[in-house]
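Subject: Handover of a structure

Dear colleague,

Please find the structure below, together with its sequence. My notes on what was found in it follow directly after.

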Amino acid sequence: MPREAEPSLNERAFIVQALQEGLRVDGRGFDQYRKLQLKFGDQYGVADVTLGKTRILAKVSAEVTTPYSDRPFDGIFTITTELSPMASPAFEVNRPTETEILLSRLLEKTVRRSNALETESLCLVAGQKCWSIRVDLHVLSHDGNLIDGACFAVVAALRHFRKPDTSIEGETLTVYTPAEREPVPLSWLHSPFCVTFSFYGDGEIALLDANLLEEQLRVSSCTISLNKHGEICQIAKLGGTPVEAATLLQCASVALNKVKEFSTVLDQKLAEDSKRRDKGGLLAELSAENDR
């Protein structure tokens with residue numbers, strides 16, 4: 001099975017010593033993210049996220065289907081991840097690596113199980129028809145911190161997405177095209193984001209947004225998922241060197257500040273995209289009325 005190229009002994013010694021002296025190779029602070037960029041596609045529900053050299057694309061699609069028999073009043077919501085050899089030579093097609101399994105489980109816990117998307121609003125006819133919302137996540141370039149970038153991309157794509165409007169007369173369901181009726185946004189309850197810390201030494205050095213080289217040298221990691229209100233969805237500390245409780249509490253406090261920043265960035269980008277799409281739309285008509 002292919003593996004990522006291991007850092008040399010010199011690289012290991014250099015990076016660890018630099019961290020002990022309070023320095024990172026790329027000059028960032030220990031609690032600083034790389035530049036985060038978000039672009040929306042021409043279609044609703046397409047989000048392209050770049051975090052340093054890590055690049056992730058999320059695409060949301062919707063179709064009418066039959067609900068699960070044990071949840072007749074709920075719609076279906078799934079997240080699928082794909083890590084292809086294009087992102088890194090360590091990934092193979094149809095052979096999920098530990099990284100891919102971990103990524104999909106964390107996204108599942110953070111977004112789906114925290115009820116960020118209200119699945120009851122996806123029900124059309126109880127027990128017969130509902131919306132199935134699917135998020136396809138493609139990693140285009142892997143340079144560390146896939147979890148935070150992927151979670152941001154999924155939340156951004158879902159909040160940007162619009163599903164076709166519907167109406168029901170008796171037993172007849174009508175799905176309208178965008179030309180007939182304006183598509184409607186999903187019923188969104190809160191926006192959870194992941195913040196991942198990497199630990200070095202005996203767990204006393206904590207870094208935010210480790211790049212691929214820093215990830216290969218860490219002794220353990222911890223991912224905290226929460227929203228801007230400070231409600232924690234999950235904490236994943238999977239093995240590695242033990243970390244003091246006080247350090248974890250400090251990490252949670254830092255994570256909350258970062259999540260508030262993520263929320264602000266996402267809200268701004270959504271507002272900009274909405275404004276760009278509405279040129280000559282309803283807002284333009286209203287302003288034209290006022291001019292007259």
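I begin with charges placed over aromatic rings, a term used where NZ of Lys or CZ of Arg is within 6 Å of the ring centre and within 35 degrees of the ring normal. R181 lies over the face of Y176, at 4.1 Å from the centre of that ring. In a second case, the charged end of R277 sits over the ring of Y44, 4.4 Å from its centre.

Please note that this is a predicted model, in which local features need pLDDT of at least 70 and side-chain atom pairs count only at pLDDT 80 or more, while totals for chains, interfaces and linings use all residues. Residues are numbered from 1 along each chain as its sequence is written, and side-chain values use heavy atoms, with hydrogens and water left out.

Aromatic pairs were also searched for; rings of Phe, Tyr and Trp (its six-membered ring) pair if their centres lie within 6.5 Å. The whole structure contains four aromatic pairs. Y33, F152, F193 and F262 are linked into a cluster by ring pairs.

As to the chain overall, there are six helices and 14 strands, where helices (H or I, at least four residues) and strands (E, at least two) are DSSP runs numbered from the N terminus. Taken along the principal axes, the C-alpha atoms fill a box of roughly 70 × 55 × 40 Å. The chain has 292 residues, of which 43% count as buried; buried means under 20% relative accessible area, exposed over 50%, and partly exposed in between (1.4 Å probe, protein chains only). Its accessible surface comes to about 15700 Å², and 50% of this belongs to carbon and sulfur atoms; the areas come from the Shrake-Rupley method with a 1.4 Å probe. Among contacts (heavy atoms within 4.5 Å) between residues at least 6 apart in sequence, 70% join residues at least 24 apart. The mean positions of the 33 positive and 41 negative charges are 1 Å apart. Here Lys and Arg count as positive and Asp and Glu as negative, with His and the chain ends not counted; each charge is placed at NZ of Lys, CZ of Arg, CG of Asp or CD of Glu.

Two backbone positions deserve a check. Most residues other than glycine have a negative phi. N115, however, has a positive phi of about 55° although it is not a glycine; N115 lies in the loop between α2 (98-112) and β5 (123-125). N145 likewise has a positive phi of about 55°, and its place is in the loop between β6 (129-141) and α3 (146-160). N115 counts as partly exposed, at 46% relative accessibility, whereas N145 is buried, with a relative accessible area of 3%.

Three further residues complete these notes.

- F14 lies in helix α1 (residues 9-20) and is exposed, at 54% relative accessible area. The C-alpha atoms of F14 and P89 are separated by 25 Å.
- T247 belongs to helix α5 (residues 245-277) and counts as buried, at 19% relative accessibility. Leaving aside its neighbours within four places in sequence, T247 is in contact with F199 and G203.
- D70 is found in the loop between β3 (54-65) and β4 (76-83) and is exposed, with a relative accessible area of 65%. The C-alpha atoms of D70 and S191, 121 residues apart along the chain, are separated by 27 Å.

With kind regards

Definitions and conventions. Rings of Phe, Tyr and Trp (its six-membered ring) pair if their centres lie within 6.5 Å; planes under 30 degrees apart count as stacked, over 60 as edge-to-face and the rest as tilted.
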